[in-house]
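Subject: Structure handover

Hello,

Here is the structure for your files. My notes on it follow below.

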Amino acid sequence: MKIITAVRGFKDILPPETDKWRHIEDTAHEVFRAFGFNEIRLPLLEKTELFRRGIGESTDIVEKEMYTFLDRGEESLTLRPEATASVIRAYLEHSLHAAESVTKLFTIGPMFRRERPQKGRYRQFNQIDVEVLGPDDPRTDAELILMMIHFLRRIGLKNLNLELNSLGCAQCRPAFRDAIVTFLRGSEENLCGDCRRRIGTNPLRVFDCKVEQCGELVSQAPNMADFLCPECREHFEKVQSSLSLFQISCKINPKMVRGLDYYTRTTFEVTTEFLGAQNAILGGGRYDHLVQELGGPDISGIGFAIGFERLASLIPEGETDTPAGPLLFIAALGDRALGNAFSLCNRLRMKGIRVDMDYGGRSLKSQMKRANKLNSAFTLILGDREIDENRALLRNMIASTQEEVGLDELEETIMKIAR
Ligand SMILES: [Zn+2]
Ligand SMILES: [Zn+2]
């Protein structure tokens, strides 16, 4: 019979790659906790309307990429394509805003987008998502960006480039939007079909278009910086001066518009050089209207999402401590020895010591081979004769030495080595 394979665009994460993932997750938990963030775990499935409202109808995600289906022909449900909308949905549903003035949350898990399969892109991909909900103090923005850079450095990434921009607020953004529409209308014939359509629906999306001629045009477009109101200008300056306290250098990129309409004020992106090319690792920004858009009170938020797969691929080899093999491999020969070994092996495991053995009763030679393959630090050779004589051979696989150990002291000896 033919084996069944995974669905196209869906991928297994195998060991030892999973060790890298564990390292990233552990570091995220440690760093985020220190900055006062708590973990939230969310369902993968949400009502479709959440993303229609939370991401926007006229976005590629909602238009083309969502896994949406009618549940038993009744309710339209969607596998989440991103986490922010779900975080806010949970925040509002459980009235977390009533419990504290600032809520700092993070979540790590899979997202789903039906993109065209290509190298390094998966339809189930993983993200680290971090959100702060509360007043839009510029220090909050700086704190979040600082934490993010600190985290990326901690997991071993170097040469990080931080780019910042401010997208203004409800007072000053419309004039910028109008200026962009006027500008785009003036050169409509140079835009791709998608972008021509975007002028009427979501003109700022043109900034994200990958078509070369659109990119060229956009480089001459008006900048938000020239439209910022005094409050937004002051907010943006405060973000930058707060960051400079920590020697975090950043580049102002006026073309970073992050095409979603709900973004306001601070937006940011981090890229790193890898294999000679600039790679975006993450993006994020402040959103002042998203909570209201989802039916909540007037509460501001700021957050970012990191693609886990990309991150894992950028971590230099040797940066994660590859966990060693088992401390002990028990090579048991003969029925009585197997019985003793089975009980010793599992007793030690329950004390937290990593021990392995074979139950197959294979030759000593092939068991030693297995111990080597597992990279075991010690091997205990236990045969029926050793049991009769109440002693066994404990072999140090690294130093290639061995000593006789009395069976009564065996457990104690192993515990001592483990310490
Ligand atoms: Zn403003
Ligand atoms: Zn275009």
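Both Phe32 and Phe106 are buried (under 20% relative accessible area, with exposed over 50% and partly exposed in between; 1.4 Å probe, protein chains only). This is a predicted model, in which local features need pLDDT of at least 70, side-chain atom pairs count only at pLDDT 80 or more, and totals for chains, interfaces and linings use all residues. Residues are numbered from 1 along each chain as its sequence is written, chains are lettered from A and ligands numbered from 1 in the order in which they are written, and side-chain values use heavy atoms, with hydrogens and water left out.

Aromatic pairs: rings of Phe, Tyr and Trp (its six-membered ring) pair if their centres lie within 6.5 Å, and planes under 30 degrees apart count as stacked, over 60 as edge-to-face and the rest as tilted. The count by this rule is eight aromatic pairs. Phe32 and Phe106 are edge-to-face, because their ring centres are 5.2 Å apart and their planes at 70°. Phe32 and Phe151 make a tilted pair, at 5.3 Å centre to centre and 55° between the planes. Phe151 is buried as well. Phe32, Phe37, Phe106 and Phe151 form one aromatic cluster.

Zinc site: the protein donors (N, O and S atoms within 2.8 Å of the metal, or 3.2 Å for Na, K and Ca; water is not among the atoms, so sites may look incomplete) of the zinc ion (ligand 1) are Cys169 (SG), Cys172 (SG), Cys229 (SG) and Cys232 (SG), at 2.2 to 2.3 Å. Their spacing in sequence is C-x2-C-x56-C-x2-C. Cys169 and Cys229 are both buried.

Regards
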